[in-house]
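Here are my notes on this one, written as numbered points. Have the structure open while you read.

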Amino acid sequence: MADVTFTVDGKKLTAPAGTLLIDACRKAGIEIPAFCYYPGLSLQAACRMCVVRLEKVPKLQTACTTPVAEGMVVTTESDEIKQSRKAILELLLGNHPLDCPVCDAGGECELQDMTFKYGAAESKYVEIKQHREEQQWSPVVFFDRPRCILCYRCVRVCGEGMDVWALGVQNRGVSSVISPNGEDHLDCEECGMCIDICPVGALTSGTYRYKTRPWEMNHVATVCTHCGDGCKTTLGVRSVDDGSEIIRGDNRDKSGMNGDFLCIKGRYAFDFTTREDRITKPLVRQPNGQLAEVSWEQALEHAGMKLREIRDTRGGSAIGVIGSTRTTNEEAYLLQKFARTVLNTNNIDHHRTADYASFAAALQGKAGRTASLRDFLTAPAILLLGNDATEQHPALAWNIRSNVRQNRARLYVANHADIKLHRQAKSFLQIPQDGYAALVQYLAGNEAGFDGTEISAAFREALRKEESLVIAFGSEFRGRDIQSLVDFGLGLPNVKFAALGDYANSRGAADMGLMPDLLPGYVPLAAAKHFGEEYPSLPSAPGLDMLQMFDAAEAGNLGALYVVGSNPVERYGIDPTALKNTFLIVQDMFMTETAAVADVIFPAANLYEKSGTVTNTYGDLQLAKKAADKAGVRTDFELIVRLADKMGADPKKLVPFGRGVRADMGQTRGAQSGEADRHAVWLAANNLEPKLSPFDPFAVFDEIQRLVPSYNVSRFELLGGQDKQTRSDLVQIELDPARRDLVLPANDTLFTSGTLGRYSRMLHSVMESRTTKPAETAAD
Amino acid sequence: MPRLVSHPDEVKIISRRFGQGAAEIDRYIELDGYKAAQAAIEKGPEWIIAEMKASGLRGRGGAGFPTGMKWSFVPKQSEKPKYVLVNGDESEPGTCKDHLIFLHDPHAVIEGTLIAGLAIGAKMGFIYLRGEYRYLLKIMEKAVADAYAKGFLGKNIFGSGIDFEVVTQTGAGAYEVGEESALMESLEGKRGVPRIKPPFPAVVGLYGGPTVINNAETIATAPHILLMGGEAYAKVGTERNGGTRLFGISGHVERPGVYELPMGFNLKRAIYEVAGGIPGGKKLKAVVPGGSSTPVLLPEEIDVGLDFDQMAKAGTMLGSGGVVVIDESVCMVEFALRTIKFYQHESCGWCIPCREGTDWLKKSITRLHAGGAVDKDIDNIRYLAENMMGRTFCPLGDAAAMPTIGFVKKFRHEFEEHLNGKGCPYEHQREAVLV
Amino acid sequence: MSTPATTIFSPALAARFDKLVTLYPVRRSALVPMLLYSQDEVGYISDAVVEEIAVRIGITPLDVRNVLSYYSMLRTKPVGKYNVQVCTNISCMLKDGYGILDHCKQRLGIGHKEVTPDGLFSLEEVECIGACCWAPAVQINYDFYDDLTPEKMDKVLEDYRAGRGKETL
Ligand code: SF4
Ligand code: SF4
Ligand code: SF4
Ligand code: FES
Ligand code: FES
């Protein structure tokens, strides 16, 4: 819309006509107080805090409902306005418990802040306050009614934002109260958005309540470890005896692709980090068959010696390596490099949840064709094929819903089930479970094999008219089907694609070459010339894939198996006795089914306890930062390096540290610390930071950026916490048409998260409390 | 059965058919019923609106917006269907005029709805009565059914090729639903919480379509205006205040009742002559002139004409036409308390100043009435009410604050008599039970 | 959004509801009347009423509760067969509405929002019922009684006790 010019507090401003005054002011740095207004949610005009004076209008007006208009003259602060706001606060405080000293929101409460600003602390009312007991509505959500100021943010975010509609307002007048859908409890997605958005301490979370004061926490911005969406989250951590523990997760600053959204897993399911049954000492199986705690030195020595012995006697092909979908890119990269250059084997794989290799092949050479998670927030049209995003990609579902709501984006959904996003869809097509390939053919104009109906014809028609479309497809699509889908899409004017895979770094695991036939960047083994310098002794024959490794083990042909952050025994239903003749090393947090049969177990750190980068399923690369700490555990990165060292390899070859410039880092403490930090940031941003330790992930990141061109993004922005899209056109891939399809979708729900989810008591208690339990997941 | 009253000073236009059996459609037709509607069909929307404008009729709900103007605001072309909505959610304490219209002249409401529909090009009208008026709903339902049977409603009305449907229903107990946008919410099956304005109903109203919403009395007046001519109607009243109005005079008068008086009729005469003055030789203490939300007048202030402009000049409002007369035996603090209790009970609770403000006013005045207040509490009550004025989401906040300010201003001495443990000096002090 | 297979309502009321939802441009418009009529038949709005109305209209039970709790005539607990609602608002107060209320309390032996042990009467102090010019006024269920005195009130109560009271539904 055309811009209009108007005056606020004497300043001339311009904004597109129709912009809300409150937004226009905020943009210009003029803060207008608000309780009920929340960007992106429907307008309420209920709190009356945002009142301003418009010239020639008799009454004060609410800035949150007034669109700017040409020539408008506005006053946002005056005695009259101040008084009006002060009176509102006095009224609120009149019935507010003022238990700030014990309130969770104390210190970050909007009511406190405003009371401070408007000096409304004097109590004009001597009547007795209504006391009411706090209620627990779910394992996650607690409600303290007297603290509620009825801004209706929670009701709206749950309804409009989440499309759950679990909260309502009941009664009227001063008896009005926020009510959950189950009368005394909630039946909902347990996302905690309502708690997050509450400006006061009326809604509080089960994980955080009464645990700490906001100012006692450190806040670390990092990436969620659960699903493939890669939500940015700010973890609140505090020191405890054995490290530092996470007590809160949110994204209040809306810094990532997820805005302020987090699902239950990102927001609450970090409690696995502090479980008492976490492994914190290395364990080695004794001659009596029992696992016993040993020192790090002994464990590493033992494992290194065994690996070396098997490599040297039986050759690298007798060793297998299984990587993780939740370690960092640097760790995944390092693990395959370790396998290929130290263990001399291409027997490396991971639990594949999407066919990223076929996707990369289909898009090679095509620039700008991958959709970021951000694109779903702005695309004018979206096609979702397969996948139940509400359950499996909650942030994607959030972005789609927001886009439909705010920008009227057109959503097309084709699925074998009646998924919840149907409600946002302009067109919905239900197809047979095995009908996805035929559907793509049909969309491309090939009628055979698809039972066309009027609905499907209209669906196709509308889709073809779209001038700019984002296509997201689930793991229903593999191999050639992905190729045909991409071929179809490329026939439309302006299409981007996203392949939906399940875990925090599923995409990174594939990108980083945790595969027997493909090197980092999907480079086929045969085309690995440019890897020569870093991979001097690269075996040229493709290795064994996941299932072949277990077959080999069963046949007695696998001398050793090194499993990092994965639980294949359970995931793939492997009979553990198949591994009885295989020397098994496991790095994990818990005694998983796989760890239980290991010969050596190294206690590992999780994503919240390390730094590095991760790539979400859309190819958005992000920085993960170490937030928590647990005594006794080590990062997978460090463990791989140490193991290599024990095997007699040169860590410097594995991790190119010790390069970069020499720099005087100056003081890092005291008065000059800021100076030194700025210096370090500059160096890091320009790829000049000295990497002084073999455990520095950024030393490996240098190498990744060198060898995997699609990862060559701006470091400055990446380190600054921004997400950077990796590029699809820069991969070189040639897939063997006979390549096996090993994709095993995780089928996680909102409340499960693979093996990791099993160790979250929070997720368990939520599932138990639900009146209707979600269907059992197929593979967990 | 509510008692009908009569007085020679009355000018009976809208109450013309009261007590004549006009609830029966044939009788209504005998008494010139549905003639206006047929004229409206013949002469078309422009004519209707011109007559309505000429009549000087102003909304009888209380706000006094010129009706003809309101109808003319509805856009001629609209993608969404247009609607007529009749506000029969009569709930302002002191007001019972629409009660009589529904009882004695239901077809006038139907005919008026039809006329409004013809004026704006709507095909559907809703008549919404307050929930307590169930027996009146029955009367309305029968009248609507009779009108359908005669072909006055439904498809091809009066053989004109025009369709018009009417649906009647009641609310379920909520004063706030009398606010026009809250009424639309209620009719859409929601909580009776007002909507943000703009957009105004004439542009985006019921079901998102352009909507004319009028008070039942306003609507029932329309047929009379078309019959007698807008100008003739206007002449009955004063300048800018056309016609007559139903005034309900209640409280301490000899002959309480609903009287139809020309606009601008003198309030003092209405009380002393029309309604027969104060019974029992008592002295007049105060008059609440237009329903409980209008600021109180002192005996020396009542020599004033009952129209929108003169009442505004007198520092109060014409409101809903409910004149409540209070004699000297009444404790004005108790009266103020009963008034604020009502608004506290009826606040929809949407916005902070109204929800919390009415509650604190009620609590403070309750305490004061019982003797538990000190001098600064009176200032606090006034401070609170003044800080609600003009700051709330809808006019209910003002409706609660305005009379309160009036009572404190004009009867401060009575408030003071209650202070410091003294309590109410009037004998009939009672426990407040409404919650 | 459907007609439920089994209904808790009488066939007549169920049929009425089937029709009611079609009268308006949107089904939900029938919500407030449906709640009232269910209450008339069932005596109050029970959980079962909430559930069935939600199904009939195609909204959640939470939606139904949000709405029903807003309106003061709708109740979620039973009252007496005859619910005596005494207005004490300003016009009635001036004409001794509180006296009528006290009188009823005494006669019925119950207070505000209470029910007589035999379940015949309940008592409620209410806001203005739109009968101000005929104050003091009382409503028993949906029927109005005005210009009351304690004596007239006794007569009205007596009629109801004897089963002679008006019963507009
Ligand atoms: S936790 Fe999420 S789904 Fe549940 S009530 Fe709150 S916002 Fe709604
Ligand atoms: S619980 Fe919090 S977010 Fe919800 S209405 Fe109350 S104050 Fe607002
Ligand atoms: S949507 Fe995925 S990435 Fe985001 S918080 Fe939930 S599990 Fe974590
Ligand atoms: S922010 Fe505008 S009224 Fe609440
Ligand atoms: S005040 Fe009692 S009926 Fe109006």
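1. A word on the annotations before we start: UniProt positions are given in the numbering used here, feature names are shortened, and annotations may be inferred rather than shown by experiment. With that in mind, the unreviewed UniProt entry puts "domain: 4Fe-4S His(Cys)3-ligated-type" on residues 80–119 of chain A. That span is 60% helix and 0% strand, and its end C-alpha atoms lie 14 Å apart. Helices (H or I, at least four residues) and strands (E, at least two) are DSSP runs, numbered from the N terminus.

2. Some housekeeping. This is a predicted model, in which local features need pLDDT of at least 70 and side-chain atom pairs count only at pLDDT 80 or more, while totals for chains, interfaces and linings use all residues. Residues are numbered from 1 along each chain as its sequence is written, chains are lettered from A and ligands numbered from 1 in the order in which they are written, and side-chain values use heavy atoms, with hydrogens and water left out.

3. According to the unreviewed UniProt entry, "domain: 4Fe-4S Mo/W bis-MGD-type" sits at residues 217–277 of chain A. Here the span is 8% helix and 38% strand, with its end C-alpha atoms 25 Å apart.

4. Now some strands of chain A. Strand S11 (residues 218–223) runs antiparallel to strand S12 (residues 232–240), and 6 bridges join them; two strands pair if DSSP finds at least two bridges between them. A:Val223 has A:Lys232 in S12(A) as its bridge partner. S12(A) is in turn joined by 7 bridges to strand S13 (residues 243–250) of chain A, again antiparallel. A hairpin with 2 residues connects S12(A) to S13(A), and A:Ser239 stands opposite A:Ser244 in S13(A).

5. For the classes, Ala, Val, Leu, Ile, Met, Phe, Trp, Tyr, Cys and Pro count as nonpolar, Asp, Glu, Lys and Arg as charged, and the others, Gly among them, as polar.

6. The other two ligands. Ligand 1 has A:Cys158, A:Cys188, A:Cys191 and A:Cys194 among its surrounding residues, which also include A:Glu189 and A:Glu190. Its shell splits into 7 nonpolar, 1 polar and 2 charged residues. Around ligand 2 there are 13 residues, of which A:Cys148, A:Cys151, A:Tyr152, A:Cys154 and A:Cys198 come nearest. That shell has 13 nonpolar, no polar and no charged residues.

7. Chain A also has an open sheet of 7 strands with mixed pairing, in the order S15-S14-S27-S26-S25-S16-S17. Strand S15 (291–293) and strand S17 (348–349) of chain A are at the edges with a single partner strand each, so one side of each has no neighbour in the sheet. Strand S16 (residues 319–322) of chain A runs parallel to S17(A), with 2 bridges between them, and A:Ile322 has A:Asp349 as its bridge partner in S17(A).

8. Over in chain C, the unreviewed UniProt entry marks C:Cys87, C:Cys92, C:Cys128 and C:Cys132 as "binding site". They span 46 residues in sequence, but no two of their C-alpha atoms are more than 9.2 Å apart, so they gather at one spot. C:Cys92 lies in helix H5 (residues 90–94) of chain C, and C:Cys132 is in the loop between strand S3 (121–126) and strand S4 (138–140) of chain C.

9. Buried or exposed: which is C:Cys92? C:Cys92 is buried at 3% relative accessibility; buried means under 20% relative accessible area, exposed over 50%, and partly exposed in between (1.4 Å probe, protein chains only). C:Cys132 is buried too, at 4%. Leaving aside residues up to four places away in sequence, C:Cys132 touches B:Pro93, B:Gly94, B:Thr95, B:Cys96, B:Ser250 and C:Ser91, where contact means heavy atoms within 4.5 Å.

Conventions. A residue is near a molecule or strand if one of its heavy atoms lies within 4 Å of it.
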